[in-house]
Amino acid sequence: MFDWINNLSPGMQTAVWATIKILGVLFLAVLPMVSYYVMAERRISAWIQDRVGPNRVGIPLTKIKLFGLGQPAADAVKAILKEDFMPAHVRKVYFWLAPMLTLIPAFMVLAVIPFGSTLGAQKMVIADLNVGILYTFGIVSLGVYGIVLAGYAANSKYPFLGGIRSSAQLVSYELAMGMSVVPVFMLVGDLNLSSIIGYQQGTLLGFLPNWLIFKLPFCFIIFLISAFAETNRLPFDLPESETELVAGYNTEYSSMKFAMFFMGEYTNMIAASAMMVTLFFGGWTLPFAGLDQPATTIMGGFLHIGIFIGKMLFFMVLFIWVRWMLPRFRYDQLMDLGWRRFVPFALANILFYAVYIWATTSGAAN
Amino acid sequence: MIVKRPELSWWERIYLPAILGGFKVTGKHFYRTVFQRKSVTMQYPEQKWTVPEGYRGAPYLVKDPDGNTKCVSCQLCEFVCPPKAIKITPPGPDGQVADRVNAEKMPKEFEINMLRCIFCGFCQEVCPEEAIFLQKDYSLTGLSRGEMIYNKEKLLNLGGVHNGPIKKWEHKLKEAEEQESFPVKQN
């Protein structure tokens with residue numbers, strides 16, 4: 001089936017495989033995941049609030065309900081068929097640009113994440129960049145432009161406040177987030193995400209998996225909390241706090257443009273979960289049954305992808321769960337937590353691990 | 001009164017107790033809903049709530065135990081109705097006679113516009129004949145405005161039979177019969 005690809009020049013082969021992987025990841029994994037993530041959010045939220053949640057939509061024109069698993073399709077149809085209303089007072093160019101700028105970076109982050117070991121001869125990562133993590137942070141920081149532009153484009157009070165808040169929040173927490181992963185790279189000695197997973201193979205002290213969470217717990221805590229802030233999730237959902245700012249930056253949006261913000265937000269959460277799994281939870285590895293070595297069979301390849309998605313699901317559910325646990329932070333508390341707690345804490349953390357690594361390696365050298 | 005503002009301890013200030021408490025509360029609710037199936041909401045059209053006694057639902061006309069129309073077309077309810085939802089057409093001088101023995105008349109037509117009705121219960125309160133009652137129907141639907149104007153026949157069918165303890169007309173009838181054979185006691 002893939003013979004014709006092997007006859008192409010190496011450059012062409014890479015391009016073709018990358019295209020296949022992009023399309024596969026986007027349409028077979030990310031988009032269905034986003035739609036069912038929204039569904040999961042609604043169901044889990046309902047369960048936590050003693051409700052049932054959407055359980056009606058099944059296969060159209062039949063009585064089959066399938067626990068409401070047809071809901072995402074119904075939501076999509078609704079989003080597309082709704083009137084795309086553009087208020088007269090908006091700044092039109094930015095109004096169009098903002099949803100795209102939210103969605104595109106969210107998808108782009110996924111390019112560097114190794115979501116499996118190998119499938120056949122192909123590494124299961126779209127772009128195995130040497131600067132993987134730098135790329136991620138670069139792209140993630142683009143995400144803020146979508147929100148800020150949306151706030152500016154809407155040209156009304158609440159969206160504007162939402163945009164301002166998001167810029168301040170995202171910038172402050174990105175700093176903490178970026179610094180929280182520095183010890184990871186000091187320890188691993190590489191910025192490539194595949195190498196980071198490679199470093200996490202094997203076991204620690206004989207029984208624990210050799211995941212970085214056990215070596216760098218504080219890095220993980222800072223990263224996790226910053227990830228909540230970066231994805232605008234409660235308790236840090238100040239840019240779109242429903243109760244204060246109506247819906248913040250996306251107040252004026254409707255129909256598919258709103259759906260794009262929504263998809264962007266959920267894709268961001270998926271990307272953040274994937275990053276956490278990659279950086280701190282060993283990616284596609286499991287420390288037993290040889291599952292920490294790259295797969296040699298097709299089945300093994302799929303199993304690794306399954307392990308990766310399984311680990312991701314844990315964090316994705318955590319994102320939903322925490323929403324119903326903690327109240328929203330006040331703006332000054334948010335800034336206080338970001339600048340006065342996390343930034344110094346992250347710096348101290350870097351310093352601690354730097355000293356630790358220097359002490360252990362120089363000791364080994366002597 | 002001065003309320004003391006408690007100082008948070010270091011343990012409390014690192015948010016961990018709040019997070020653990022949050023997990024506990026949400027986990028409990030999650031377990032309750034998912035595993036014990038104790039959601040507080042109900043699957044409405046399939047599952048319905050029991051309407052409590054004394055509930056003020058839609059007003060319907062009732063029949064007496066003999067199946068006669070109780071309404072005597074006095075129009076008090078029409079006058080008292082705050083949103084003017086009731087419209088009674090009296091039989092007129094040569095109209096239909098009442099179903100009931102001894103009753104003077106009954107309405108030729110009795111309409112309640114359920115789109116106007118506010119379920120206040122004044123009609124029930126004012127009715128001297130106990131002929132109209134607010135019953136337990138709360139979900140009134142129709143495909144047009146015309147459909148929502150309930151006529152006498154429909155109201156009587158929906159209202160059913162009222163078995164009140166006070167049988168005013170039976171009593172009146174007995175009295176009237178006694179009048180016929182007056183003086184009753186001749187010793």
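Predicted model: local features only at pLDDT ≥ 70, side-chain atom pairs only at ≥ 80, totals over all residues.
Residues are numbered from 1 along each chain as its sequence is written, and chains are lettered from A and ligands numbered from 1 in the order in which they are written. Local features need pLDDT of at least 70 and side-chain atom pairs count only at pLDDT 80 or more, while totals for chains, interfaces and linings use all residues; side-chain values use heavy atoms, with hydrogens and water left out.

Chain B comprises domain 1 (10-41) and domain 2 (59-164), with bounds from an automatic or database domain assignment. Their C-alpha centres are 53 Å apart.

Helix α2 of chain B covers residues 16-34 (helices are DSSP runs of H or I, at least four residues, and strands runs of E, at least two, numbered from the N terminus). Buried positions in α2(B) are B:G22, B:T26, B:F30, B:T33 and B:V34 (buried, under 20% relative accessible area; exposed, over 50%; partly exposed, in between; 1.4 Å probe, protein chains only). These buried residues fall within an arc of 80 degrees seen down the axis of α2(B), so they line one face of the helix (the arc is that of the directions from the helix axis to the C-beta atoms). The face turned away from the buried side of α2(B) carries the exposed residues B:L20, B:K24 and B:K28.

Strand β2 of chain B (residues 86-89) has B:I86 and B:I88 on its covered face and B:K87 and B:T89 on its uncovered face. β2(B) runs antiparallel to β3(B) (residues 109-113), to which four bridges join it (strands pair if DSSP finds at least two bridges between them). B:T89 has B:E109 of β3(B) as its bridge partner.

Conventions: Expected span 1.5 Å × (residues − 1).
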